[in-house]
Amino acid sequence: MKFSTATATVADPYLDISTYEADADLMVLNLGPQHPSTHGVFRIKLYLDGEVIVKAVPYPGFLHRGVEKLCEKLTYTMMTPIIDKNDYLSPMMNEQAINMAFEDLHGSAVPRRAKYLRTIFAELQRVASHLVWLGTFGVDLGGALGGGTTLFMHCFREREMILDLFEEVTGCRFHYNTHMVGGNRHDIPAKWAKGVHRVIGVIAERIDEYEILLTSNKMFVDRTKGVGVIDAELALSLGITGPILRAAGVDHDLRRDAPYHAYDEVDVRVAVETAGDCQARAIVRILEMRESLRIVGELIDNVPEGPINGYRPTKTPLQVKITKGQGYACLEGPRGELGTYVIAGGDNRGASPYRLKIRSPSLHAMSCLPYVLPGLTVSDTIATFGSLDPVMGEVDR
Amino acid sequence: MNIWLHGAIYSVLIANVLLTMTAWSIWFERKFSARMQSRVGPTIVGPMGLLQPIADAIKLLQKESIVPDKADRALFNLAPLLTLLFSLGIAAVVPFSPEVIAADLDVGVIFILAMGGMMVFPVWIAGWASNNKYALLGGMRAVAQGISYEIPLVLAALVPVTLAGSMSLSDIVRHQIEHGWYIFWPPGPGLFAFVLFFVASLAEANRIPFDIPEAESELVAGVTTEYTGMKFGLFYLAEYLHTLISAAVGAALFLGGWDGPFAPGLHWMVLKTLLLFGLVFWVRWTLIRIRIDQLMSLCWTWLVPAGLVLVMAAALWKWGMAGS
Amino acid sequence: MIGVVHDERVVSLLRDRFEVAGFPDDAPPLVGAAHHLALARALRDELQFRLFGFVVASHWPGKPAKKEGESGVAEAFELAYGLRSIGKGSGLAVWRLCLAAGEHAPSLVELFAGADWQEREQFDLVGVRFKGHPDLRRLMMPEDWEGFPLRRDYPINTPCPPWR
């Protein structure tokens with residue numbers, strides 16, 4: 001296993017600030033909950049020596065909505081629209097993660113057509129999520145009134161095409177509630193594959209332009225190369241997965257290593273970079289977008305016929321009762337390993353879980369901030385934070 | 001005409017026209033950036049959205065003017081006025097046409113550079129007086145950037161001065177009418193000096209890629225974080241005005257001022273100014289911002305030596321031409 | 001992919017060195033609290049489970065004795081830990097700890113930096129304390145919040161105190 005050779009300066013998150021140089025006049029700056037670039041409400045308390053950060057203390061929890069407690073009162077079938085809003089940029093992944101756990105515990109098998117559909121939706125959702133990331137990364141780097149916004153508008157233009165595809169299937173542009181225990185709720189319409197091929201063609205062409213931007217535009221390269229290096233050891237120890245881990249040189253992707261849905265029927269080529277800096281993370285995401293489009297193109301023509309839902313209800317409304325068991329199921333989301341730990345046997349005579357925990361990749365990514373930020377300037381902080389691609393709904397739940 | 005009367009009439013006229021143009025540059029920017037981003041821009045207020053600046057001005061005027069509790073009240077209120085004052089001051093010596101010039105100073109170029117240098121003060125004052133760490137950081141960066149980039153600006157402006165042999169802007173324009181615009185002739189020093197002037201003006205006016213002092217995504221609104229209502233409006237008006245005036249100065253110094261193929265006059269000057277102004281916006285909506293240390297190293301390692309070389313090249317050219 | 005232990009090496013490790021007898025097929029195996037740290041260390045260093053997975057705490061409130069002569073059920077907390085190995089055949093090692101009320105769980109911070117925040121979150125929401133954690137304070141809830149929201153007896157509609 002080849003790991004990164006990047007030299008990351010891993011700081012001590014528990015640095016006692018009073019032992020810092022006595023004559024340094026440290027300024028405390030709150031990259032406060034209200035800030036254009038914290039991707040939601042997130043507070044980082046920065047101790048600055050001039051422009052350089054000495055210590056960073058993050059304070060998550062501003063978007064904590066008590067989703068896990070709420071899910072103890074909802075039934076398995078009612079939970080999907082709430083969980084949609086965790087990682088609100090990739091709702092398909094959230095739905096699939098929890099339903100996978102419920103299906104394993106319940107013992108219901110997902111039909112093959114539903115597995116293909118889930119894979120296609122997941123990959124399209126990955127592209128849409130990475131497009132949002134790219135647009136907001138541009139805004140972080142370039143300012144809301146400037147070149148960053150141009151990149152943002154272009155990325156969102158492409159994303160609208162994907163959302164239109166999802167609207168044809170589920171009726172919702174966003175937050176779909178299309179997965180259920182045992183399969184999917186909505187089937188794809190007849191001409192959908194043609195639309196998908198057209199969208200794949202357009203976006204693949206534009207992804208080439210974005211890659212050129214990240215690798216050849218001197219300003220992008222200067223702002224992202226060598227900035228915010230997270231090395232493999234730190235990432236593994238913190239539990240960071242996804243593009244951040246792959247950019248650090250670790251070849252790990254759940255789609256290939258622990259396949260679920262229909263990933264065992266496609267060849268997933270995993271993008272790995274070794275530098276571990278912002279540029280590496282950006283390039284990994286661009287390559288992932290390309291790979292996702294390729295997987296969708298391969299699968300969309302071969303979707304097998306059959307039912308999309310294996311579990312037939314015996315009475316309405318649809319009730320799934322699981323009386324005992326506990327376990328964990330996970331998938332590879334755009335931000336990393338998104339998992340669900342369920343302890344069954346809760347209220348409503350087993351129709352609710354006893355305890356539901358969402359293993360959110362963004363929370364692990366945020367926990368690297370005290371280690372990585374010291375030594376960077378404020379501008380680099382914004383670039384690093386943007387390149388970690390956090391979604392606060394998932395960090396705080 | 002009495003020089004005082006001439007100066008008074010034309011300064012009022014120029015100031016009014018410039019301020020109106022600056023207000024409509026808001027419309028221009030929004031339409032231009034929208035088209036660059038596959039959007040449409042303002043279309044609702046007035047035909048083609050032309051009355052948008054009036055809507056924006058009314059919106060800003062009716063906002064509450066909040067002064068933070070511990071802010072230095074006098075300086076806080078003074079800063080936006082000073083930015084506007086210095087920007088308009090530069091316009092006093094720019095020759096828009098042979099007659100339309102408020103004050104044809106012998107030391108026009110020095111006057112422009114001095115007023116441009118003074119622009120650092122109000123930005124720093126705003127950063128300090130706001131009693132806000134974000135504003136302070138923005139102010140510090142603005143001072144570093146403003147002072148550093150004055151040097152390449154001065155060096156770039158020295159090239160037309162050397163070639164024309166005079167610091168008066170009208171003389172520089174007249175010399176270009178006789179000998180050809182400096183951007184084309186002499187080849188080499190003229191074009192590179194123009195590029196240097198353009199880059200340094202972007203940095204002086206805090207435009208992207210050099211808009212660190214008001215880096216919105218990092219420092220909320222940087223120097224202008226605590227400003228509300230029309231004071232905020234004045235800052236942005238002053239920034240557009242500074243950009244417009246720099247474009248006019250660049251047109252006068254390098255593009256031949258009011259010279260043109262058919263009928264030399266005011267319209268050519270306006271056209272060239274608008275051309276350079278549009279170029280600034282084009283750069284703004286395409287590029288991202290560079291980091292403060294990269295900005296400093298760009299200035300001191302590349303632009304200043306380039307400026308020195310260009311001034312020497314211009315001097316050599318002038319000496320060579322004078323000899324022949 | 002449910003998180004019961006499928007990996008042969010993990011099963012033999014648990015059975016031989018850490019005295020785990022029961023491997024139910026619908027729950028992760030239960031490990032004694034005394035073995036917890038050593039197990040995590042063995043998994044990380046010997047079997048290369050180096051990617052930190054998750055920590056889940058759950059609250060099992062006690063039930064008082066219903067009849068005379070019968071003892072009720074004591075209040076207990078359960079912690080489930082997950083670690084992952086990387087590369088082909090990425091394995092997942094999941095195990096559970098059972099703690100009595102007031103008992104402290106050993107913290108994994110010295111082995112995995114990710115345990116820092118995850119254990120803080122479980123302390124914040126369920127109230128399980130971790131021995132050896134350098135900075136055990138609330139993560140999600142405000143610092144001065146009282147009570148542990150994800151406990152089973154915590155009412156879901158507890159009002160939030162008004163802004164001070």
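Two chains are in contact when heavy atoms of one lie within 4.5 Å of heavy atoms of the other. Keep that cut-off in mind for the exercises below, and remember that this is a predicted model.

**Exercise 1. How far apart are the nearest C-alpha atoms of chain B and chain C, and which pair of chains has the most contacts?**

Start with chains B and C. Their nearest C-alpha atoms are 20 Å apart, and the two chains do not touch. Next, look at the pairs that do meet: two pairs of chains touch, and the one with the most contacts is A with C.

**Exercise 2. Describe the interface between chain A and chain C.**

Begin by counting residues: 57 from chain A are in contact with 54 from chain C. Then turn to area. The two chains bury about 4400 Å² between them, and carbon and sulfur atoms hold 59% of that. Now find the residues of chain A that lose the most area to chain C: they are A:Tyr14, A:Lys69 and A:Tyr354, which together make up 16% of what the chain A side buries.

**Exercise 3. Work out the fold pattern and overall dimensions of chain B.**

First, count the elements: chain B has twelve helices and zero strands. Second, take the extent: the C-alpha trace spans about 65 × 45 × 45 Å along its principal axes.

**Exercise 4. What do burial, contacts and charges look like in chain B?**

Take burial first: of the 324 residues, 56% count as buried. For contacts, consider those with a separation of 6 or more; residues 24 or more positions apart account for 76% of them.

**Exercise 5. Is A:Thr384 buried or exposed, and what does it touch?**

Locate the residue first: A:Thr384 sits in helix α15 of chain A, which covers residues 378–387. Then check its accessibility. The relative accessibility of A:Thr384 is 0%, so the residue counts as buried, since the cut-off for buried is under 20%. Finally, list its partners, leaving out residues up to four places away in sequence: A:Thr384 touches A:Val227, A:Gly228, A:Cys278, A:Arg281, A:Val372 and A:Leu376.

Terms used
Residues numbered from 1 in each chain as written. Chains lettered and ligands numbered in written order. Predicted model: local features only at pLDDT ≥ 70, side-chain atom pairs only at ≥ 80, totals over all residues. Heavy atoms only, no water. Helix = DSSP H or I, 4+ residues; strand = E, 2+ residues; numbered from the N terminus. Buried < 20%, exposed > 50% of the residue type's maximum accessible area, 1.4 Å probe, protein only. Buried area = accessible area lost by both parts, 1.4 Å probe.
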